[in-house]
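Here are my notes on the model, as numbered points.

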Amino acid sequence: MTLTETQIREYDDRAMDSEATATATFGIGCFWGPDARFGAMDGVVRTRVGYAGGTKIDPTYHSLGDHTEVFQVEFDPDTIPYRDLLNQVFDSHNPQHQTRKTQYQNIVFAATEDQRAVLDEFLTTRGLTADGIGTRIEQLSRFYPAEDYHQKYKLRSVSSFMDAFEAAGYSDDELRESPIAAKLNGYAAGHDVAVAEDLSTPDHGTA
Ligand code: MHO
């Protein structure tokens, strides 16, 4: 069976409110992959992809200016502490190296003083310092959400799931912000997800 529109709505109604989650933003290359991988993780409630780190106003995918592809996760810190996210991020790129193309640079945005303190402590345990690595460490000034077709990119290729969101009456904005969509996006990319609902094998037929 595939997910029903009722299951979609119920999952999202049960999910933790945005006021209760913390938010972290990272860039580690093309944003489609980490959007799916981090979305699949227990404790990650919402994800979205976008552009940040530059100065160009209202960047778009084809007119990115000096921005970088980034993904943003809203997470429950009691289930997945910021430190665990950092572990995943630093296991997924080489901090001693930086990509020349600004679009795909490795970048960690410390959103709060707390995040910055955890980051500095984390780097120390890895024998690294913020000043001594290729990875950019910055304050997030502004996050521009990417175009709809980049949001939940892997999920968009599974027509049975997309049909269910359409039946549930989800707009593109709602799909981007949907907690169950974050899980299904990870599932569609082949990651394990802890979702109680019985999921059919993703059918990558016509989208
Ligand atoms: N141009 C690459 C990466 C896309 S990513 C959103 C591709 O089409 O696979 O930069």
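1. A polar contact here is a pair of N or O atoms within 3.5 Å. The model is predicted.

2. Which side chain has an N or O atom 2.7 Å from an oxygen atom of the ligand? That is Tyr104. Glu69 places a polar side-chain atom 2.6 Å from a ligand oxygen. For Tyr61, the corresponding distance from a polar side-chain atom to an oxygen of the ligand is 3.3 Å. The ligand exposes 310 Å² when taken alone, and the protein buries 61% of that.

3. The residues around the ligand are Tyr61, Glu69, Tyr104, Cys30, Phe31, Trp32, Gln103 and His150. By class, this shell holds five nonpolar residues, two polar and one charged.

4. Now the fold. Six strands make an open sheet with mixed pairing. Their order is β5-β4-β1-β3-β2-β6. At the edges sit β5 (136-138) and β6 (144-145), each pairing on one side only.

5. Strands β1 (residues 22-28) and β4 (residues 106-109) run antiparallel, joined by four bridges. Phe26 has Val108 in β4 as its bridge partner. In general, strands of a sheet pair through backbone hydrogen bonds, either parallel or antiparallel.

6. Two helices deserve a look. Helix α2 (residues 32-39) packs on the sheet and touches β1, β2 (44-52) and β3 (68-75). The direction of α2 makes about 165 degrees with that of β2. Helix α3 (residues 82-91) also packs on the sheet, touching β1, β2, β3 and β4. The direction of α3 makes about 10 degrees with that of β1.

Terms used
Residues numbered from 1 in each chain as written. Predicted model: local features only at pLDDT ≥ 70, side-chain atom pairs only at ≥ 80, totals over all residues. Heavy atoms only, no water. Near = heavy atom within 4 Å. Polar contact = N/O pair within 3.5 Å; in protein donor to acceptor, adjacent residues only side chain to side chain. Areas by Shrake-Rupley, 256 points an atom, 1.4 Å probe, with all protein chains shown as cover. Nonpolar A, V, L, I, M, F, W, Y, C, P; charged D, E, K, R; others polar. Pairing = 2+ DSSP bridges. Contact = heavy atoms within 4.5 Å. Axes fitted to C-alpha atoms, helices over the stretch in contact; angles between N-to-C directions.
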